[in-house]
Amino acid sequence: MNRTGAKRKNILLMQGNEAIVEGALAAGCRFFAGYPITPASEISEGMSIRLPQMDGTFIQMEDEIASIGAVIGASLAGVKSMTATSGPGFSLMQENIGFACMAEVPCVIVNVMRGGPSTGLPTHPSQGDVMQARWGTHGDHPIIVLAVSTVRDSFEITVEAFNLSEKYRVPVIILSDEAVAHTRETVTMPSPEEIKIIDRIKPEMPPEWYIPYEVTSTGVPPMAVFGEGYPYHITGLSHDVRGFPTQRPDETDELIRRLYRKITQGFHEIQKIKSFMMGDAEIAVIAYGSVTRSARQAVLDVRQLGIRAGLLQLVTLFPFPRESVETVLNQCRAVLVPEMNLGQISREVKRVNQKDTRVTTYNRVDGQLITPEEIYSQLIQMK
Amino acid sequence: MPEEITRLTHKYLRHDKKFPHIWCPGCGNGIVLGSLIRAIDRSGLHKDDVVLVSGIGCSGRMTVYADFNTLHTTHGRALTFATGIKLAKNSLHVIVIMGDGDATAIGGNHFIHAARRNMDLTAIIINNQIYGMTGGQQSPTTPYGSMTTTTPYGHIENAFSISELAMVAGASFVGRGTVFHVQLLDSLIERAIQKKGFSVVEILSNCHVQFGRRNKMGSPVKMMKWFQEHAVTMQKAKQMNTEDLEGNVTIGVLTDSDKPSYLEKYQLVQEQAKASLKK
Ligand SMILES: Cc1ncc(C[n+]2csc(CCOP(=O)(O)OP(=O)(O)O)c2C)c(N)n1
Ligand code: SF4
């Protein structure tokens, strides 16, 4: 870890990738399996140093499929677990991510986005994997996707990702990008007492009463750990409340709907957004990831001209923060959605736009960041 | 020993839950399940300290029936899940059940790397030389010339030898048996479970329905006869020349060595890492 320039002990200069490592460790992550890929490799490297110092385990697996498999296994054995990759590796992980959704295994998957498709632009940022993060694995499935925009975010949101994953027993995807991953910023690290940590709920009833996939009021059943006296069966097949394979339509329907319901019921807690100068805004930028940094600057700059602009930063991308976006669409005349892809979140914004508010898109897919000037000139045209 | 069978059945099978099983009458998978249970019982392991992990295939369904911590993973990936379990909780005994397609086609990469690492797992591979569950397509262990649903003109590829693959890749214990030689099988599995590092038991098994039927061995009895006539013990094989061995399979312990396992080495890494913090 780079600790140069730290005046007080808890102010550190670090990269986004390093902040993800620290965030994960602070959240209680003690297992990491990964496969090297630019621009995510520093997360593996950091974990390989830090985890064994804390009696945790790092392992470099033979590929990304193996990495996510090992992460799911470790989580089932009761240890908070994470993997990190970029586009090509993220594609390989999809089948097992679906397993984690179906069997309700908490785990965190970091995707430091780079230009795609295919090998694409390994060393340039992109936001091209947003829809893959939501729909990458097959079948109807709920999932949580969070986006980081700064180094500080990378720390905090990683902690949050573990908390949500444990609480809802669902894989959480963190989308970072090459720009955030490799930018160095100073971060004031919170002390351990300041960090809120949530652990999965374990069964407390006598083992013979334990029903592993019981329908509970929250939709989240308590999760037993291997070797703690609650042996049960876990499968990616459609299963009944006891975890055994079923093809019965009623049991299958109940399962898939419960997987959705647990996320819908937690929606208000899961939905995370940050508003900037939205109070009196007439036009708004809706952005996420590293684009929000340019958007903030652009909003400040156009305000100098008397244009009442604001910014809605989406931290949670999925479940899509519909309510907050609707509020902005109702409040504003026009909305700009700048993205480093050809329009993935803008499509979601348009989907929830019931009022015919003008939604303008601004897209780059050349591996370059969207600058404050570009957003500034878009906003001027919208005034 | 009917009482013994009743005791084992009651102790280790989820008999009140998910039977009857899905396997065809006479399938070798049931024999392997019996052997596995006897071996675990003889090893004296506590049921809750055992995690049985399986891939996808007919063989993969074994985890439903046995009353341990059981995990039915994705096709080919069982060893990766098992690796995570073992590294996260060292006290668990992790036993992985795979089919030949599961372990050596889609999961071939994981298999050789688990062996290379000498990961502390026991891999039991039910080699029925075919894809049973999906309806009799060729697998990496299908013998040259065989008929399968995807080799309608006869198979033109050479087969993997799973045991030899495991040996050269670095497994510390490799044994091969058949579903005909059940006592040998019991002891191979028991030894594999007790071994530290990566232990492999390859079991030649009958899928008379998908493999046998298309290759002049349409009943379990015919396939058993084949195993009986073509399996040669290691002792006997040593006295035979290569020509006589042609077309036969050797059974018994193929390798048994004591080299440091992955976990032993990683524990040293942890100590080293903690010591570096104190400096
Ligand atoms: C990714 C993926 N590809 C294909 C399948 C379909 N599939 C299920 S079982 C199987 C092969 C089974 O053969 P084997 O592993 O030898 O086990 P057996 O059924 O003979 O016990 C295949 C190809 C799958 N489930 N997942
Ligand atoms: S198809 Fe073959 S492997 Fe599968 S249950 Fe039937 S006999 Fe056994």
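Which chains do the residues that surround ligand 1 come from? They come from chains A and B, so the site is shared between chains.

## Basis of the model

This is a predicted model: local features need pLDDT of at least 70, side-chain atom pairs count only at pLDDT 80 or more, and totals for chains, interfaces and linings use all residues. Residues are numbered from 1 along each chain as its sequence is written, chains are lettered from A and ligands numbered from 1 in the order in which they are written, and side-chain values use heavy atoms, with hydrogens and water left out.

## Ligand 1

There are 17 residues around ligand 1. A residue counts as near if one of its heavy atoms lies within 4 Å. Cys58(B), Ser59(B), Gly101(B), Asp102(B) and Gly132(B) come nearest. Helix H5 (residues 100-106) of chain B gives the most to this shell, with four residues. Helices here are DSSP runs (H or I, at least four residues), strands likewise (E, at least two), numbered from the N terminus. By class, the shell has six nonpolar, eight polar and three charged residues. Nonpolar covers Ala, Val, Leu, Ile, Met, Phe, Trp, Tyr, Cys and Pro; charged covers Asp, Glu, Lys and Arg; the others, Gly among them, are polar.

Oxygen atoms of ligand 1 take part in several pairings. One is 2.8 Å from a polar backbone atom of Cys58(B). A backbone N or O atom of Gly101(B) lies 2.9 Å from an oxygen atom of the ligand. For an N or O atom in the side chain of Asp100(B), the distance to a ligand oxygen is 3.4 Å. Taken alone, ligand 1 exposes 590 Å², and the protein buries 77% of that. Areas come from the Shrake-Rupley method with a 1.4 Å probe.

## Ligand 2

Ligand 2 is surrounded by residues of chain B, including Trp23(B), Cys24(B), Cys27(B), Cys58(B) and Cys207(B). Asn128(B), Gly132(B), Val209(B) and Gln210(B) also belong to this shell. The shell divides into six nonpolar, three polar and no charged residues.

## Strands and helices of chain A

Strands E15 (residues 334-339) and E16 (residues 358-363) of chain A run parallel, joined by six bridges. Strands pair if DSSP finds at least two bridges between them. Glu339(A) has Asn363(A) in E16(A) as its bridge partner. With helix H12 (residues 345-351) of chain A, E15(A) and E16(A) make a right-handed β-α-β unit.

Glu326(A) is found in helix H11 (residues 322-331) of chain A. Its relative accessible area is 23%, so Glu326(A) is partly exposed, between the cut-offs for buried (under 20%) and exposed (over 50%). Glu326(A) and Arg351(A) are 25 residues apart in sequence and 10 Å apart in space, C-alpha to C-alpha.

Conventions:
Right-handed = clockwise from strand over helix to strand, strands pointing away. Polar contact = N/O pair within 3.5 Å; in protein donor to acceptor, adjacent residues only side chain to side chain. Buried < 20%, exposed > 50% of the residue type's maximum accessible area, 1.4 Å probe, protein only.
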